Amino acid sequence: MSLQRLRSGSSSKRLIRGPGASNSGNRSESDGFCWKRMACSIMDPNSSAYMAYSLASLLVLVHDLLFVPYMLAWDVALEGAFLVSTFICCCFWTVDLGVGFITGYQTHGRLELRLSYTAHRYLRTWFLPDLVASASDWFGLVLVMTDSQTSPTLRLLRYAKIGKSLRLIGLVRMTRVVGVVGDALGKRLPETRHAYLQCCRTVCGMLFVNHLVSCAWYALGRMGPSDTGMRWIEVVIDHGNGVGMPFLASNHVHQYITSFHWSVSQLTLAGMDVMACNSAERVFSIVCLVMGLIFGTTLVSSLSASMMEHQMARGDQMQKLRKLSLFLRENEVSMGVAALVQQQAKERIAMRPKLQEEDVSALQLLSNDLRKTLRYERFSGHLSAHGFFRFWVDTDHFLAKELCTDAMESSTLRPHDDLFAPGASCGKAHLLVSGQALYTQAPETAPVQVTTVSPVRERTWLCEAALWSHWAHVGTLKAEVLCQVVSLSAERLLPLLGRHPVIGKVAADYSSKFHQCILDACPPLSTWPSDLEVPSTDYSEMVAAMDMDSRVQVSRCALAQSTGRPKSFVRLRSEVMEGRCMLMTSAQGQLQRVVAVMPMRMENSRGEVLAELGRWEAGAPRVRACCQLPAVKAQAGEAPGEALARALLKFRLQPEHVELLCVERLVEWKESREYGVQTKYLRAVHHFRLRRSPPLALATLATLATVACADVPGAHEPLSAPLYKATRDTATVLYAWLDPAKLEHYATPMGERELDAQLGCLLRTDLLKSTAL
């Protein structure tokens with residue numbers, strides 16, 4: 001069936017409305033055990049922890065910027081508090097080398113937190129400068145400490161000065177650290193504060209330049225060459241009445257302030273009573289005057305531009321608010337409503353949403369090919385948040401570029417804005433890229449008993465059902481904070497699917513299974529679908545339900561796009577080609593094996609749970625005890641609802657015999673020792689309650705209270721419950737109704753040993769062999 005026919009025919013079967021339950025396919029996928037393990041060790045550059053670390057880096061950098069030039073110019077001995085602080089800074093920058101390897105970064109619109117990628121990026125960018133700076137810090141510190149512990153010879157003094165000079169290399173960190181802190185503050189500060197931040201950065205830069213010049217000026221006067229035999233630091237300070245004091249006799253604070261004053265006067269072209277006394281000092285003064293001329297004009301123009309921009313923005317905001325106030329007065333709006341309107345208007349004017357393409361006129365000058373590349377760069381990372389579109393991107397990059405260009409758009413929601421309202425027709429799927437929102441359903445517009453409010457997380461897909469059916473909204477999505485949303489148009493998506501045979505084949509199979517899940521999403525075996533979720537539409541489950549050809553295509557694409565080569569690659573590839581194994585890639589490019597099972601937790605009127613206790617293969621010497629819930633796997637081409645109905649029929653249960661309480665979705669990760677690939681076990685635990693007690697299609701064996709093994713160490717209690725058996729394939733499966741506490745006990749290692757001993761009595765008493773089904 002084509003996708004167009006599928007979407008056009010869906011409305012004739014059922015009006016698709018109603019609240020949903022558990023659609024992890026519409027949720028963002030945090031796939032992979034490796035991904036979770038790396039997420040615990042890699043530092044998120046958007047986190048508060050990284051912000052705190054960046055501020056600590058800035059404080060340590062400020063220490064180096066202030067004290068290293070000062071200690072070198074005044075030849076301050078590295079001892080006491082200076083020695084302790086220098087040692088702490090050296091240790092911090094050494095630790096910073098390791099932090100650089102585990103710091104994530106943004107690329108292609110997504111956050112990269114894989115260790116191999118973050119380490120490779122750091123090695124290519126800042127590792128070498130940081131390594132040289134850290135090595136120079138330690139080498140200079142060792143030289144100075146060696147000089148303080150040996151006889152003060154000229155040779156060691158010379159190397160001691162070299163050691164202090166080497167620490168100047170560490171100032172190369174300034175560019176990186178200041179840039180990181182500036183970007184972090186820029187993301188967290190509102191737009192109205194950016195002008196103040198720019199002014200602060202400019203002033204701080206000016207003060208730092210004056211600090212360096214003042215230290216260089218003093219060092220030139222103390223150690224520089226002199227062709228006149230005089231130096232500026234040899235002047236005498238006149239206190240009046242013929243009393244004077246040599247400048248060198250004053251304390252370091254007075255000397256530094258005087259040098260700093262001279263530096264500021266040179267850069268601002270002001271006067272100063274300190275004069276150059278030799279040619280070297282004259283040349284340095286001339287250079288500072290020329291630089292001051294350039295620097296001063298640049299500084300004034302930069303500050304003026306920043307303040308003018310801020311004033312213009314403030315003037316525009318005030319003009320809008322004055323017009324709003326005039327409008328409210330002319331229309332005689334009540335004071336209460338007027339206050340609410342003005343307050344929200346002020347809040348929204350203060351926040352600036354992200355720029356969209358239509359706001360940037362320069363983008364119209366780009367060629368079509370470059371604009372497509374730009375849109376692909378913006379949206380491809382968002383597409384990878386969904387398994388099917390990640391398969392699309394991996395299969396055909398050029399067609400994915402067309403998808404990003406023709407069918408995707410970005411928008412911004414301010415606080416309290418609605419993305420959609422109930423009853424409206426929907427033709428787009430949405431991805432919440434950033435921000436927080438609330439999804440609300442009311443009994444008037446959805447089959448719910450009470451109003452429900454669900455928080456919506458970032459990287460969550462909404463209204464995916466609109467891509468594969470005619471969908472009407474059954475709830476309201478309201479933004480809590482400033483949100484960015486990416487939308488995908490179903491009308492523009494469908495023509496692109498037919499341009500690639502593999503993508504079209506998989507899409508047709510995927511949409512057919514998705515549509516069937518929508519139709520099956522109703523009580524008692526499921527819950528109603530909603531804009532937020534459609535039950536049983538996790539991408540892994542959907543692929544498991546596809547036909548053999550589609551599963552092979554998805555697995556082959558995953559195997560080709562995986563970043564590593566798994567063990568037993570040839571055997572794994574043969575299993576993929578034969579359809580015996582299903583593979584997918586996570587959003588981070590990790591190869592995964594996927595197994596989807598649906599355990600059923602059925603309770604009777606007494607609160608007991610039906611449990612599978614063990615299996616016995618014909619001819620086996622013993623029963624293999626394993627206390628677990630009965631489970632079913634969807635066969636190729638079988639929808640989850642069909643698989644559940646098939647499993648219930650094995651117990652002579654019809655859908656009307658049970659009531660679905662809830663669906664609990666569990667994800668378990670295990671590493672395959674054979675292939676070295678992470679295996680994802682999707683367990684959708686369906687909690688049922690029997691409406692009545694129909695006869696189960698099971699043969700009663702016995703009550704094991706009289707045959708329980710008494711010699712089991714630390715036995716909990718005998719299994720005093722009727723035991724049932726049923727034939728499943730080539731094995732005989734044992735069941736029993738157990739109390740929930742006893743079910744949990746037998747799931748533990750000690751309980752499994754007790755159960756194994758008790759079930760062993762069946763073979764010794766021939767109960768298992770003699771009872772007929």
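**A helix pair and a pocket**

Let me begin with the pair, where helix α18 passes helix α20 in a left-handed crossing. Please keep in mind throughout that this is a predicted model.

Which residues make the contact between these two helices? On the α18 side they are Val502, Lys505, Val506 and Asp509, while α20 brings Asp549, Ser550, Gln553 and Val554. Sorted by class, this contact of α18 with α20 holds three nonpolar, two polar and three charged residues.

As for the geometry, α18 covers residues 501–520 and α20 covers residues 548–561, and the two pack at an angle of about 125°, with their axes 10 Å apart.

Now let us turn to the second largest pocket, which holds about 890 Å³ of space. Its lining is made up of 30 residues, and those that lie nearest the centre of the pocket are Gln628, Leu629, Pro630, Ala631 and Val632.

Where does the lining come from? Among the elements that give two or more residues to it are the strands β17 (609–617), β18 (624–628) and β20 (658–671), together with the helix α22 (640–649). The largest share, five residues, comes from β16, the strand that spans 591–603.

Finally, by class, the lining of this second largest pocket divides into 18 nonpolar, three polar and nine charged residues.

Terms used:
Residues are numbered from 1 along each chain as its sequence is written. This is a predicted model: local features need pLDDT of at least 70, side-chain atom pairs count only at pLDDT 80 or more; totals for chains, interfaces and linings use all residues. Side-chain values use heavy atoms; hydrogens and water are left out. Axes are lines fitted to C-alpha atoms, for helices over the stretch in contact, and angles run from 0 to 180 degrees between N-to-C directions. Helices (H or I, at least four residues) and strands (E, at least two) are DSSP runs, numbered from the N terminus. A crossing is left-handed if the near helix is turned anticlockwise from the far one by less than a right angle, and right-handed if clockwise. Contact means heavy atoms within 4.5 Å. Ala, Val, Leu, Ile, Met, Phe, Trp, Tyr, Cys and Pro count as nonpolar, Asp, Glu, Lys and Arg as charged, and the others, Gly among them, as polar. On a 1 Å grid over the protein atoms alone, a cavity is a set of points where a 1.4 Å probe fits but cannot get out, and a pocket is an open set with protein on both sides within 12 Å along at least five of seven lines; lining residues have an atom within 4 Å of a point. Grid points are joined across faces, edges and corners, and a volume is the space filled by probe spheres set on the points.
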